[in-house]
Amino acid sequence: MSSTQILLLIGAYFLVLMIISYFTGKNDSNTDFFKAGKQSPWYLVAFGMVGASLSGVTFISVPGWIEGSQFSYMQVVLGYLFGYFVVAYVLLPLYYKYNLTSIYEYLLDRFGTVSHKTGAFFFFISRVLGAAFRLYLVAIVLQQFVFDDLGIRFEFTVVISILLIWIYTNRGGIKTIVWTDTLQTLFMILAVVLSIVLINRELNWSFGEFLASEDLKAYNKFLFTESFLDRNHFIKSFVGGMFVTICMTGLDQDMMQKNLTCKSLKDAQKNMVSFSFVLVGVTFLFMLLGALLFIFANKNGISIPLMDGEPKTDLLFPEIALNSGLGLTLAITFMLGLIAAAYSSADSALTSLTTSFCVDFLNIEKKSEGEQKRVRKKTHIAMSVMLVLVIIAFKYILSSNVIDSLLTVAGYTYGPLLGLFAFGIFTDYKIKDQYVWIIALISVVTIAFVANIPSSYLGGYVMGYELLPLNGLLTFFGLWLVRKNGKTT
C-alpha cells in the first residue's frame, strides 16, 4: 500500500468523523461537551468504550508482546473483568448520587480542596501520559510506513494527528465522542477479525486448523503459576489487572465521563457489565492475532522491523499488513483498524483532560455562561499543545514495549487515587486535608523506590502489577494517620 493511498484513506476516515462532529456539535454548549445532555443510549456507550479501552496500544502492542510473554496478558484481562464489576456496583452509584461532572468533585465534598486538587492532578498526569503513550505508538507507525517516504519529520506527524482530533472534538466534546467511538470500535473489531482470516488464508489454514496447530502451542501458554517470584505469576497478574481496571476505568475521568452521559445509573451499569465481557473476548482475539503474526513471520523469513537500530515487535503487525505482499484488502483493514484504535482513545482523552482541568482547576461552573465557553475552548487548545509536546518527548526516552510501559506508569500515578477513593468510601473519617498532597507524593516516591529494588535483594521476587494496589494501600495508610477524631455523620 503506497503512502499516497494511506493518506487518502486517512483523509476519508477523518471526513466521516467530521461529518459526525457537525451533526453532534451543532449546539456547542458546555452541557453537551461535558455530559452529552445525559441522553446517551447505554448500548452505544458500551460498544464505543471497547474501542476506547483497547486503543492503538492493544491494536499494535499486544500482538507484538506475544513472543516475549505468550498469552500471559490474558491473566491481567481476567482481572480486568472482576474490576469492572467493582466499578459498576461500587463507584458508579457514588458518581450518580452526587450528579458529578468531574468524578474528582467527590473528593472535594468528602475531604476538602487539597484532596480534590490532588486527585485531579494525579488523573491529569495519568491521562496525559496514557494518551501520549497511545498516540505515540500510532505516530511511529505512520512515520515509519508513510511519512518517512515523504520526507516529513516525526514532529509534524504528531502535530497533524492532534490537530485532526482537535477539529472534530472542539464543538461536540463527549457527545461527539460517544458516536465516533462506536464507529471506531466497529472498524477495530473488523480489522482484527479480517486480519486473522486473511493471514490464515495465506497460510492455507482454516481458523480451526490454526487453533489446533503445533505452531500456536509455542505461543499460547496462558497460566503462569510455576513461581510466585516471577513477574507474570497468575495471582499477581490477576490482582494487578483488577486494580488497573478499578483505577484506569473507575477512577479515570476519561472512561467515567462516557458512563455519566447515560440516562440513569441502571443504564450505566448495564453498559459497564456488557462492555466488560465483550472486551475480554476482543482482547483474546488480539492475542490470537499476535501469535498468528509471529507464525507467519517465521514461516516467511520476515524479520522484526528496526526502529533507531533496535528490533521493535510493536511494528511487526504493520510490517506484515503493509509490506509483506498480502494484498490491498489487508493493508486497508489494518490502517482503518489502527486509526480507529488510536483515535477512539485519544479523542476522549483530550476531551476528559479539558473537562477535568476546567472543572477541577479553573472552577468553570462558577463563571458566566459566555465565559465558560471561552475558557473551555482555550483549555481544549492548551491540552492539545501539551499532548504534542509529550508525544514528541516519548520518541527520545521510551524504549520498552508500549503496553508494558503504560501499565507500569499506572502503578505510580493511579495509586494515590485508589487510596483516596477507598478511604472515602470505606471509612467514615474526615482527614486533615492540607497533608493529602504530601501523603500522595511520599507514596509515589516509595513505590518508585520499591519498584527499582533488584530482585536479587528480594530473594528473586520480581515486582509487577501489584505495585498499583500497594501504592493505594500506602496512600490509605497515610490518610489513616492524618484522620480527624470525629467521623462524618
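**Fold, helices and salt bridges of the predicted chain**

Of the 489 residues of the protein chain, 60% count as buried, where buried means under 20% relative accessible area, exposed over 50% and partly exposed in between, computed with a 1.4 Å probe and protein chains only. The structure is a predicted model, in which local features need pLDDT of at least 70 and side-chain atom pairs count only at pLDDT 80 or more, while totals for chains, interfaces and linings use all residues. Residues are numbered from 1 along each chain as its sequence is written, and side-chain values use heavy atoms, with hydrogens and water left out.

The secondary structure of the chain consists of 20 helices and four strands; these are DSSP runs numbered from the N terminus, with helices (H or I) of at least four residues and strands (E) of at least two. Among contacts between residues at least 6 apart in sequence, 86% join residues at least 24 apart, a contact being heavy atoms within 4.5 Å. The accessible surface of the chain amounts to about 18,900 Å², and carbon and sulfur atoms account for 64% of this area. Accessible areas come from the Shrake-Rupley method with a 1.4 Å probe, and for residues only the protein chains shown count as cover.

Helix 1 (residues 3–24) has 22 residues, and its end C-alpha atoms are 32 Å apart, in agreement with the 32 Å that it should span at 1.5 Å a residue. The expected span is 1.5 Å times one less than the number of residues. Buried positions in helix 1 are Ser3, Ile6, Leu9, Ile10, Tyr13, Phe14, Leu17, Ser21 and Thr24. Viewed down the axis of helix 1, these buried residues fall within an arc of 130° and so line one face of the helix; the arc is that of the directions from the helix axis to the C-beta atoms. The face turned away from the buried side of helix 1 carries the exposed residues Thr4, Leu8, Leu15, Tyr22 and Phe23.

Helix 13 (residues 265–300) contains 36 residues and reaches 52 Å from its first C-alpha to its last, close to the expected 52 Å. Just after helix 13, glycine 301 takes a positive phi of about 65°.

The structure holds seven salt bridges, each defined as a side-chain nitrogen of Lys or Arg within 4 Å of a carboxyl oxygen of Asp or Glu. Aspartate 267 is buried, at 15% relative accessible area, whereas lysine 270 is partly exposed at 35%.

In helix 10 (residues 214–217), lysine 217 and glutamate 214 are likewise separated by about one helical turn, and their side chains form a salt bridge (3.1 Å, N to O). Glutamate 214 is exposed, with a relative accessible area of 58%. In helix 16 (residues 369–397), glutamate 371 and arginine 374 are three residues apart; the closest N and O atoms of their salt bridge are 2.9 Å apart. Both partners are partly exposed, glutamate 371 at 29% relative accessibility and arginine 374 at 48%.

A nonpolar surface patch is formed by Tyr435, Trp437, Ile438, Leu441, Ile442 and Val445, with about 580 Å² of accessible area together. Leucine 441, located in helix 19 (residues 436–451), is partly exposed, with a relative accessible area of 46%. Patches are made of residues with over 30% relative accessible area and no salt bridge; like charges are joined within 9 Å and nonpolar side chains (Val, Leu, Ile, Met, Phe, Trp, Tyr) within 5 Å.
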